[in-house]
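Subject: Handover of a structure

Dear colleague,

Please find below the structure that I am passing on to you.

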Amino acid sequence: MKLLAAFRDRLSAWRRRSSRSALARLWSAYDDLEDAILIYSMQAELVYSNTHARALIEILSHSGQTILPTGLTAFDRDGKRVERADWPLFRALRGEPVSKEEFQFVLPHVSGAGRHRHVRISAKQSDFAGLHPTPLILVSFTDITDLKTVERRLRDSEEAARREEARLTAVLDALPTAVVVADRDGRFVRMNAANESQVGFVHWAADIADYDVFEGYSPHTGARLASTDWPLARAIQKGEVTVGRRIDVRGGDGAIRHLSFSAAPIYDGDGTVAGGVVACEDVSGLVQAKSEAALVGAQLRLLIDGARDHAFFMLDRDGCVMTWSAAAERIKQHRAAEVMGLPWSSFFTPADVAKGVPAALLHEAERSGAAYFQGWRVRKDGSPFWVDAVVSAIHDQGELVGFAEVARDLTEQRLSQAELQLRDQAMQAVAQGILIVDARDPCEPIVHVSGGFERLTGYTASEAMGRNCRFLQGAQSDPAAIAAIRDGLRAGFETSVEILNYRKDGSTFWNALHISPVRGEDQQVDKFIGLMADVTERRELEDRLQQAHKMDALGRLAGGVAHDFNNILTIICGNVEELQLQATHGTLLRQRLDLIARAAKRASLLTHQLLTFSKASIVALAPLNLRDIIEQMKPLLASLIDDSMTFDAQVAADLRPIVADRSQIEQVLLNLAINARDALSSSGAVRLEAANAVPDDCKRMNVADAGSCDWVLLRITDNGAGMPPEVRERAFEPFFTTKGENGSGLGLATVFGIVSQAGGCVRLDSRPGGGTTVEIILPAARDPVIALPTYQDPPAREDRKLTVLVAEDEDDVRELVVRALQEAGHIVHDFDNGLDALAHIQNRDTAFDVLISDVVMPGIGGISLQKAAVAVAPRLRTLFMTGYHASKVTPDERTSHMISKPFTGQMLLKAVERLSA
């Protein structure tokens, strides 16, 4: 028996050694697997980990190792945190097998991108086919982090492709011209919304043969077009480009419409035709207009022939007669049949023909559009007559086709007033500059100047006599104006130009110069009389007026766009806030919602800048101590300037307060400092000055009531590169920038809007290589500076359920407001216009606590609605919503407040709470 027992013990020991050996070989094979393998005892102690598992979670040894490193957190595939008791290991310990479930682990001992790992885990109990005496927990997991990254990038790519497709569709649908795109077989693959609204094409052709469904006719022959003759078919089959081909098409309503087609082929990368695109526009109105123009032409012919004092006729491009009117026959004594094809020069005196006057007039008309002539002409019987004529160039689609002359016979007036005309011109121009030039001298010297000439130019008569008038011209004189003077002198006809001339001291002035020829008894030009007038001030005022009109137009456009965009941003901000409250922190959805919210905030800042430029932002004008503002901002402004540059601020000790919005004045200082810094290279200087304006400042800045000079002047100067004239003229335009992608183009535009809104003026002086100076003049305050009290939230109070009436014409904004109020427990009545809202109040069916109204609505706006509502319900409190300027809104803090768009639901509720407190 002892021998049998010993044998049994040895057999059991051998079996245990064999099992451990087989189990060790099995576990050793796990080291070659790509999956991570972890084996735990039923006491949750780590028994084995393969190489991949140790590399992933940095397990150093099995001995004494607990489940996983301390601080490890796990989330399921939906981002919900998984408690430790529900981890696959513990579920397997409870006898619950886990098969290929996905988890996200945060490894506390790993830094960087590898900290977050996505894994697919399986766990179960196993005795390894009896090789282990007790069950163990086998955990296997696969790292699918890279797979998840690829899947996310694929989703992002698909989403980007969908957005691009949506943008292309939106662009095509926004075009007023109908557009169709077809493939190489002629099958329609895309058409925009204008096809139906503008052209009426809604049929989707399957191929070119299918184009027969469209009924089109040639406007010239009336023949119906074959399917292959449509411009799109010719573009696909022959590679032809068609521009503006008219085809008369019968629409779905049976009516003929005149359409203009432009088509072009679309090529593949190898140069083969892959399809075509056609744009179609309804030109029925243009065709009708041309028909009406023909009728007007016939009527005009009757008018021309009925004019007895004016001879109308046309010349071809070579100057030969093409048409002849009844008045021309009466004045010139030639019948139409006699002059058709006759050269225009046949009506001029031999002297003028010899000097080339007819050809010079035609050349001038072709160059500038019209040429004027006063002089002698010859009738059929050879008698001279004096005419006042204008010759105009006639163009058809940009090509010169001929000339038209309108001539009036002024012989009697000429003979009776020839002597008085020169005297009258001189008498009328006594206060202006007059000079007389000898036309018979080839050098054309000045032979007489008036006192007005001396005062205007600074030259005395002795200094000007004998010189050609060209000595008044300079480098900035317009070559075109100089050429017009030269051509007029050569041709011997009157010339009027405005030219930049130079005084004796080198200063410039704009000279409105009118030159008239004076003829002798031989009809030759004897003298030229020049009449000069200084129109510098008028020109400067015209330039300023033009710039003001341009900036005002841009401001109106920017303000309108910003107002509409504020409504859109209100919808975006409000709905994103609601979704943020519902989304769990840390989830992908919440991250994307936060991203949208930040983007909407940046867009809101952009609309605020646009409203500021357009002078449509809400501002709080009050007396401000500009000196204190500059002193407080000096460290910030200095920090904006690089160490290699210098910054200096000089503020007058007796600087008067100004009337402005503090935040906007700070914005002006920041924008100007940044612009000055960007204008400098590696070194340079920026200087800020503030002082009380003097009369010269007020005059230079062209402010109203410059005599009182109740203004404060702010000046910032840099010695940077400066601006060329073309940049300087556009410096205040919104979105114009010379900084490329680094500039928004709203810096100086915002400054212009802020200063204008505060009642001030901006002046910019800059030249290439000479630096830039920006001067701002602002009205001085008549009242003392008063420290504004800070706002304090009302004391906590029990929630009060209010009855609220909402009036907002933008449906989506109204829906957001109503939803926010209702979720807060308030009773809401909403209307899409002020008239319906007022009618509801006047019915007195409901006692309202608060009226929430948009300021601008069709029919009746928020201001009028509030006035009428308060007359019915005096205790009613009003909250105005606006994305525009509040200059017409003066809310009483006790009964009405204002909230600016864009806002969120929570912002609205806080505004209602403050109003009702």
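In this protein, 53% of the contacts with a separation of 6 or more are made by residues 24 or more positions apart. Please note that the model is predicted.

The protein has 917 residues, of which 40% count as buried. Its secondary structure comprises 26 helices and 35 strands. The accessible surface amounts to about 49,900 Å², and carbon and sulfur atoms contribute 53% of that surface.

I would draw your attention to strand S30, which spans residues 772-779. Because 7 of its 8 residues are buried, S30 is largely enclosed by the rest of the structure. Strand S28 (residues 711-718) pairs with S30 in the antiparallel sense, over 8 bridges. Within this pairing, Val712 stands opposite Leu778 of S30. Strand S29 (residues 761-766) also pairs with S30 in the antiparallel sense, here over 6 bridges. Arg763 faces Glu775 of S30 as its opposite residue. S29 and S30 form a hairpin with 5 residues between the strands, and Gly769 there takes a positive phi near 80°.

A second region concerns the surface. Ile568, Ile572 and Ile596 form a nonpolar patch there, with about 230 Å² of accessible area together. Of these residues, Ile572 lies in helix H16, which covers residues 536-582. The relative accessibility of Ile572 is 34%, so this residue counts as partly exposed, a class that lies between buried (under 20%) and exposed (over 50%).

With kind regards

Technical notes
Residues numbered from 1 in each chain as written. Predicted model: local features only at pLDDT ≥ 70, side-chain atom pairs only at ≥ 80, totals over all residues. Heavy atoms only, no water. Patch = residues over 30% accessible without salt bridge, like charges linked within 9 Å, V, L, I, M, F, W, Y side chains within 5 Å. Areas by Shrake-Rupley, 256 points an atom, 1.4 Å probe, with all protein chains shown as cover. Salt bridge = Lys/Arg side-chain N within 4 Å of Asp/Glu carboxyl O. Helix = DSSP H or I, 4+ residues; strand = E, 2+ residues; numbered from the N terminus. Buried < 20%, exposed > 50% of the residue type's maximum accessible area, 1.4 Å probe, protein only. Pairing = 2+ DSSP bridges. Contact = heavy atoms within 4.5 Å.
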